[in-house]
Amino acid sequence: MISRRTALTGLLLGGVGLASAGILSSRDARRWIFGSPTFAAEPKPLAIPKSLTGEVRDGVRTYDLGLQKGISQFFNGVETPTLGINGAYLGPTLKMRAGELVRMNVTNRIGEPSTLHWHGFHLPASADGGPHQVIADGATWSPQFTVKQRASMFWYHSHMVPRTGPQVYQGLAGLIYVDDDETARLDLPSDYGVDDIPLVLQDRAFDSDGSLIYSTSMPSVMMGMRGNVLLVNGTVRPYFEARTSKLRLRILNGSNARFHTIGFADGRTFQHIGTDGGLLERPFETSRITLAPAERAQIVVDLDDGRPALLRTFAAANAGMRGGGGMMGGMMEGMMGDDLTFDVLDIRPGAQRPKSAPLPDRLVSLERPDPSRAVNTRRFVLQMGMGGMMMGGGSFAINGKTMDMNRIDEAVRVGTTEIWQIENASMMSHPFHIHNVQFRVLDRNGAPPAPGETGLKDTVVVAPSERVRLLLNFADYSDPDSPYMYHCHILEHEDAGMMGQFVVTA
Ligand code: C2O
Ligand code: CU
Ligand code: CU
């Protein structure tokens with residue numbers, strides 16, 4: 001199926017031309033890309049990833065993780081070859097506490113080299129699991145580090161240049177729950193799988209034989225790989241029976257490329273309580289949240305009225321293509337199914353719902369971001385060579401450079417605070433991610449961030465012609481030889497070179 005996709009590359013480029021000439025409808029063009037009809041799926045209970053607390057050996061909390069091949073049944077009776085960690089698809093939720101020393105024993109058995117990156121973690125670069133910590137097939141990699149995070153939901157995933165896109169797409173990802181004293185004191189729903197529910201959102205395309213379609217056609221690289229089926233923790237059409245009056249949902253946009261705007265079908269509001277790297281200072285009431293790939297949100301929804309609550313996605317105004325899309329952008333969006341919306345989770349309140357504690361109105365305290373502490377401002381300009389698209393070209397770059405594993409792009413001093421100014425010179429939105437730090441958003445085009453972006457972040461959306469300023473602190477861990485990455489988290493853009501490397505020096 002992948003070879004058929006590849007063979008279609010030329011045709012697709014032709015298809016773009018035909019669609020723009022009005023000969024081929026965008027619906028037909030879309031079918032060329034997705035290929036197959038969707039299989040029928042009955043509603044199923046939401047899968048909750050197993051939690052893994054590891055084992056304390058010699059004072060170190062140790063997790064044994066095996067990257068493996070598997071067969072998944074996303075649709076009844078349909079077998080899909082996938083990848084997973086300690087299972088057929090995705091991995092266990094690793095539970096750990098701030099301050100602990102942890103060790104990961106990661107064994108690779110997928111038949112090709114891979115890596116495992118701890119997304120959102122502040123740690124030594126050699127333990128980061130980025131593209132320099134390759135684990136050969138059959139080998140084991142055992143990094144050790146202290147958990148220096150605030151309580152939040154993080155995640156781990158393959159970072160194998162240039163195979164991150166296909167490896168994550170097939171299932172090499174999982175969640176990490178970090179807990180700490182400040183958060184444990186708050187009376188938040190925290191019974192894993194009962195009233196504290198992780199939701200990993202991933203859109204996928206399936207071929208008629210049940211296998212996943214991973215297209216490397218030019219439009220799929222430009223727009224990022226998207227699909228017409230939404231998996232939630234690997235479940236198609238999930239429902240969840242709630243046994244409490246409040247539910248805390250921890251949502252990861254684990255898609256390769258698609259932005260998801262999330263809300264409830266009945267328009268009910270909910271409390272937004274946390275961002276990528278921690279809780280917000282106060283809950284913030286809203287009815288919609290947009291998450292780009294790799295972004296996370298924690299929300300609390302009230303089920304007191306006993307009515308079913310359908311969490312779904314909504315067509316965002318130009319999600320992934322905000323502003324400046326132009327004719328080509330609009331056409332690509334239509335072709336690639338960017339207007340698709342999905343049901344995420346059908347929440348069915350059970351008859352008995354013990355009253356949950358009221359949500360505290362103050363959650364944690366965060367330092368006020370102070371740009372005057374910055375010793376330096378660095379500019380990062382995100383570029384896509386869209387001009388070359390029709391010819392089959394197109395380049396992905398930051399500051400005019402495509403990723404080179406042998407080039408260090410930036411060196412920062414340990415113990416300093418910097419401003420990173422991210423500018424988008426392309427016509428698509430990009431989720432910009434920085435390893436090793438949880439940063440704060442200072443402003444967007446000079447305006448203060450929206451309430452949902454006032455917390456700790458490791459990934460931030462930068463829309464076309466936007467300029468976003470971030471405040472970063474490089475608290476510790478210097479190593480002149482091991483770089484950290486910064487990159488677009490649309491995995492196809494990352495694999496195509498929209499990534500750079502920085503070191504932290506003494
Ligand atoms: Cu989520 Cu560089 O990674
Ligand atoms: Cu990361
Ligand atoms: Cu991008």
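Which residues coordinate the copper ion (ligand 3)? The answer is His-430 through ND1, Cys-488 through SG and His-493 through ND1, at 2.0 to 2.1 Å. Please keep in mind that this is a predicted model. The mean pLDDT of the chain is 89, and 86% of its residues reach 70 or more.

**The copper sites**

- Two of them link distant parts of the chain: His-430 belongs to strand 29 (residues 430-434), while His-493 belongs to helix 7 (residues 491-495), 63 residues apart.
- His-430 and His-493 are both buried.
- The copper ion (ligand 2) is held by His-117 and His-433, each using its NE2 atom, at 1.9 to 2.0 Å. This pair also connects distant parts of the chain, with His-117 in strand 8 (residues 117-119) and His-433 in strand 29, 316 residues apart.
- Like the histidines described above, His-117 and His-433 are buried.

**Salt bridges**

- Side chains of opposite charge can pair when their charged atoms come close. How many salt bridges does a search of the whole structure find? The search finds 31.
- One of these salt bridges joins the side chains of Asp-302 and Lys-246, at 2.9 Å from N to O. Asp-302 is in strand 22 (residues 296-302) and Lys-246 is in strand 17 (residues 246-253), so this pair ties together parts that are 56 residues apart in sequence.
- Is Lys-246 buried or exposed? Lys-246 counts as buried because its relative accessibility is 12%, under the 20% cut-off.
- Arg-348 and Asp-346 form another salt bridge, and their closest N and O atoms are 3.2 Å apart. Arg-348 is partly exposed at 31% relative accessibility, and Asp-346 is partly exposed at 24%.
- Glu-418 pairs with Arg-378 in a salt bridge whose closest N and O atoms are 2.6 Å apart. Here too distant parts of the chain are linked: Glu-418 sits in strand 28 (residues 417-424) and Arg-378 in strand 25, 40 residues apart. Both Glu-418 and Arg-378 are buried.
- Asp-266, Arg-268, Asp-305 and Arg-307 are joined into one network by salt bridges that share partners.

**Two buried loop residues**

- Phe-439 is in the loop between strand 29 and strand 30. Phe-439 counts as buried because its relative accessibility is 0%.
- Which residues does Phe-439 contact, leaving aside neighbours within four places in sequence? Among them are Phe-432, Ile-434, Leu-456, Val-460 and Leu-471. The C-alpha atoms of Phe-439 and Leu-456 are 5.7 Å apart, although 17 residues separate the two along the chain.
- Leu-363 lies in the loop between strand 24 (343-349) and strand 25 (377-384). Leu-363 is buried because its relative accessible area is 6%, under the cut-off of 20%.
- Not counting residues up to four places away in sequence, Leu-363 touches several others, including Leu-186, Ile-273, Leu-279 and Pro-283. Leu-363 and Leu-279 are 84 residues apart along the chain, and their C-alpha atoms are separated by 6.8 Å.

**Backbone exceptions**

- Most residues other than glycine have a negative phi, and most peptide bonds are trans. The residues below are worth a look with that in mind.
- Asn-436 has a positive phi, near 80 degrees. Asn-436 is placed in the loop between strand 29 and strand 30 (440-444), and counts as buried at 2% relative accessibility.
- Ser-465 has a positive phi of about 60 degrees. Ser-465 is in the loop between strand 31 (459-462) and strand 32 (467-473). Ser-465 counts as exposed because its relative accessibility is 62%, over the 50% cut-off.
- Val-161 and Pro-162 are joined by a cis peptide bond, with omega about -5 degrees. Pro-162 is in the loop between strand 11 (152-157) and helix 3 (164-170).

**Where to read with care**

- Where pLDDT is low, the predicted coordinates should not be read in detail.
- Over residues 1-33 pLDDT stays under 50, and the model has 50 contacts beyond four places in sequence for this stretch.
- Residues 387-393 also have pLDDT under 50, with 13 contacts beyond four places in sequence.

Definitions and conventions:
Residues are numbered from 1 along each chain as its sequence is written. Chains are lettered from A and ligands numbered from 1 in the order in which they are written. Side-chain values use heavy atoms; hydrogens and water are left out. Helices (H or I, at least four residues) and strands (E, at least two) are DSSP runs, numbered from the N terminus. Buried means under 20% relative accessible area, exposed over 50%, partly exposed in between (1.4 Å probe, protein chains only). Contact means heavy atoms within 4.5 Å. Donors are N, O and S atoms within 2.8 Å of the metal (3.2 Å for Na, K and Ca); water is not among the atoms, so sites may look incomplete. pLDDT is the predictor's confidence in each residue, from 0 to 100. A salt bridge is a side-chain nitrogen of Lys or Arg within 4 Å of a carboxyl oxygen of Asp or Glu.
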